[in-house]
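Dear colleague,

I am passing the structure below on to you, together with my notes on what was found in it. Please read the two side by side, with the confidence remarks in mind.

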Amino acid sequence: MDGKAAKDTSLIERWLEDQREWQKTAMAYLDSMVKNDDFLVHLGNAMRGSLLAGKPYPTATAPAAPPAQEAPADDRLDRVLFALHEMQGQLNDLRLTLDELRTSGKGSPSTMPATRPASVKRRASLAKAKPTSAKATVAKARTAARSDKRRKARG
Amino acid sequence: MSTSEDEQERELEALLELSRRGRAKVERLHEVLTTPGHFGTGATPCQVVYRENKLRLLRLLDDTGQPRAGRPAVLFVPAPVSRYFIVDLLPGRSFAGHVAAAGFDVFVIDFGTPTSEDRYADLPYYVDGLVRRSVRMVSTITGQPAINVVGYCLGGTLSLLYAALYPETVARLVLLTTMVDGDVQGGIAWVAHRMGLQGESYENPRLVPAAEVKSWFEMLAPGSNSLVGRLSDLWERLDDPAARLRDVRTMATWVDDVVPAPGRLLAELYRQFGPGRNGLMKGTSTVGNRVVELAAVRMPVLSVSAEKDAIAPPQGVDAIVQVIPHAEVLRLPGGHVGIVAGRTAASLWQRTVEFLSTPRG
């Protein structure tokens with residue numbers, strides 16, 4: 001009888017201990033929620049079955065959503081912004097070319113000339129931009145310098 | 001003690017054990033969620049050497065914090081619809097880091113996360129713009145007129161198109177799980193085709209939400225698009241040691257962090273390379289107003305496919321020999337991501353280093 005009581009007490013004690021441990025675990029979670037804003041995002045992701053860190057798990061689109069929704073009615077700002085990004089790239093090309101010219105000191109053309117596909121030109125003109133003007137000026141100057149050289153060589 | 005009491009006790013013991021194991025999992029999850037790691041960032045120290053729009057060009061540094069100047073340059077081009085750090089995942093599990101440690105000056109493109117205005121970005125913007133200027137920048141920095149290019153997945157497609165248009169600037173080309181034959185059934189292109197990619201408008205594009213892009217990938221991995229399936233997987237995994245779970249978390253941060261995609265780019269990819277179009281095999285692909293001549297790709301090419309690749313089926317990848325006969329084709333055991341960043345990825349890294357180190361004959 002005594003042995004059985006001891007065993008029962010032991011089981012109960014272990015249950016109580018387990019409950020105390022669960023409380024500690026819950027407190028650790030609560031503590032992290034209070035101290036760390038990101039923790040809630042991470043916990044939310046875990047509750048979706050993902051360990052993705054740093055941002056919320058991408059939420060699914062509605063199943064009935066059309067495959068291609070309509071673009072915003074006024075997208076002119078985005079068109080201008082994107083044209084500016086393209087111009088930024090072209091200016092970087094120009095800067096690289098100038099750096100190469102400066103380094104070589106001989107005006108040798110770049111091994112990778114900056115090309116501008118027709119579609120880009122079309123879009124840039126849509127945004128009322130004139131991104132080629134600087135490049136054209138450099139090209140003209142280069143051509144003039146070359147013909148000057150040739151003339152001097154002949155003369 | 002009666003038999004029923006014994007049974008009750010056994011049941012209580014079993015419940016207690018179940019509770020203890022469950023608590024251990026919940027505690028491990030807490031530990032994993034609160035421990036810092038390489039989540040959303042690369043593993044190797046680097047410096048940003050060029051920025052354009054959302055793009056960052058990263059140059060890996062050595063242990064002393066210095067670039068490996070004077071070494072042959074290698075540019076990694078990851079897919080623009082996912083995060084760049086798959087090629088630089090964890091210390092000791094970094095493809096780019098391995099190549100750098102083997103004696104190369106390694107650069108990695110991080111295309112960043114597109115925003116609303118980037119929906120107008122098309123193939124010329126990526127190939128003739130971002131990739132070309134990145135190569136140009138690497139050439140300027142290193143003084144090497146031709147550099148090595150390693151493209152992964154869609155980044156491989158961009159690299160292949162670039163190499164065909166500017167072959168004199170590419171010393172060697174490595175293409176990882178890069179689809180060439182769009183008519184081979186299966187893979188992401190076909191899933192995207194069935195789920196509406198053909199409906200993307202070129203003229204009036206949208207920024208395709210990350211969740212939608214992710215849903216295409218999920219269609220290829222049964223169970224990953226079910227909440228119950230994902231939760232069950234995670235619960236099972238929580239028996240693993242915390243260190244292993246942190247690795248899993250790093251990978252999950254890559255897999256689940258798909259970025260939105262420019263609708264114009266997707267529309268163009270579909271029109272040119274999608275099922276039935278197959279522009280690379282038919283020789284009809286263009287970048288802007290320039291026709292892509294794959295015959296111009298005369299530099300050494302290594303194309304790697306993965307046996308169990310559900311995203312880019314190996315047959316569609318290996319078909320490169322039909323259009324670039326001198327390409328070396330290598331098929332490795334593993335999946336689309338596993339061969340690049342999984343536990344068996346070392347064989348790919350080593351083969352890549354050997355290929356890049358071989359003197360040109």
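**Notes on the predicted complex**

Leaving aside its neighbours within four places in sequence, B:A210 is in contact with A:P58, B:V258, B:V259 and B:P260, where two residues are in contact if their C-beta atoms, placed from the backbone, lie within 7 Å. B:A210 is part of helix 6 of chain B; helices (H or I, at least four residues) and strands (E, at least two) are DSSP runs, numbered from the N terminus. With 22 C-beta neighbours inside 10 Å, B:A210 counts as buried, the cut-offs being 20 or more other C-beta atoms within 10 Å of a residue's own for buried, 12 or fewer for exposed and anything in between for partly exposed, again with C-beta atoms placed from the backbone. B:E354, by contrast, lies 144 residues from B:A210 in sequence and 36 Å from it in space, C-alpha to C-alpha.

**Conventions and confidence**

Residues are numbered from 1 along each chain as its sequence is written, while chains are lettered from A and ligands numbered from 1 in the order in which they are written. This is a predicted model, in which local features need pLDDT of at least 70 and side-chain atom pairs count only at pLDDT 80 or more, whereas totals for chains, interfaces and linings use all residues.

The predictor gives the complex an ipTM of 0.85 and a pTM of 0.82. Chain B averages a pLDDT (the predictor's confidence in each residue, from 0 to 100) of 91, with 97% of the residues scoring at least 70. For chain A the mean pLDDT is 72, and 52% of its residues reach 70 or more.

**Chain A and the interface**

The secondary structure of chain A comes to five helices and zero strands, and 16% of its 155 residues count as buried. Of the contacts in chain A with a separation of 6 or more, 49% are between residues 24 or more positions apart.

The contact between the chains takes 52 residues from chain A and 63 residues from chain B. On the side of chain B that touches chain A, the elements giving two or more residues are helix 1 (3-34), helix 3 (123-142), helix 6 (210-220), helix 7 (227-237) and helix 8 (242-255) of chain B, and the largest share, 13 residues, comes from helix 1 of chain B. By class, that side of chain B has 23 nonpolar, 17 polar and 23 charged residues, where Ala, Val, Leu, Ile, Met, Phe, Trp, Tyr, Cys and Pro count as nonpolar, Asp, Glu, Lys and Arg as charged, and the others, Gly among them, as polar.

Helix 2 (residues 37-46) of chain A packs on helix 1 of chain B at an angle of about 130°, with their axes 10 Å apart; axes are lines fitted to C-alpha atoms, for helices over the stretch in contact, and angles run from 0 to 180 degrees between N-to-C directions. The two helices are therefore oblique to each other, given that angles under 35 degrees count as roughly parallel, over 145 as roughly antiparallel, 65 to 115 as roughly perpendicular and the rest as oblique. In this pair, A:F39, A:H42, A:L43 and A:A46 meet B:L29, B:L33 and B:T34, a set of five nonpolar, two polar and no charged residues.

**Packing within chain B**

The axes of helix 5 (residues 187-194) and helix 6 of chain B come within 9 Å and cross at roughly 115°. Here B:I188, B:V191 and B:A192 of helix 5 meet B:W216, B:F217, B:M219 and B:L220 of helix 6, and the contact has seven nonpolar, no polar and no charged residues.

Helix 9 (residues 263-273) of chain B is mostly covered, with ten of its eleven residues buried. The cover over these buried residues includes helix 3, strand 7 (207-208), strand 8 (261-262) and helix 10 (279-282) of chain B.

With best regards
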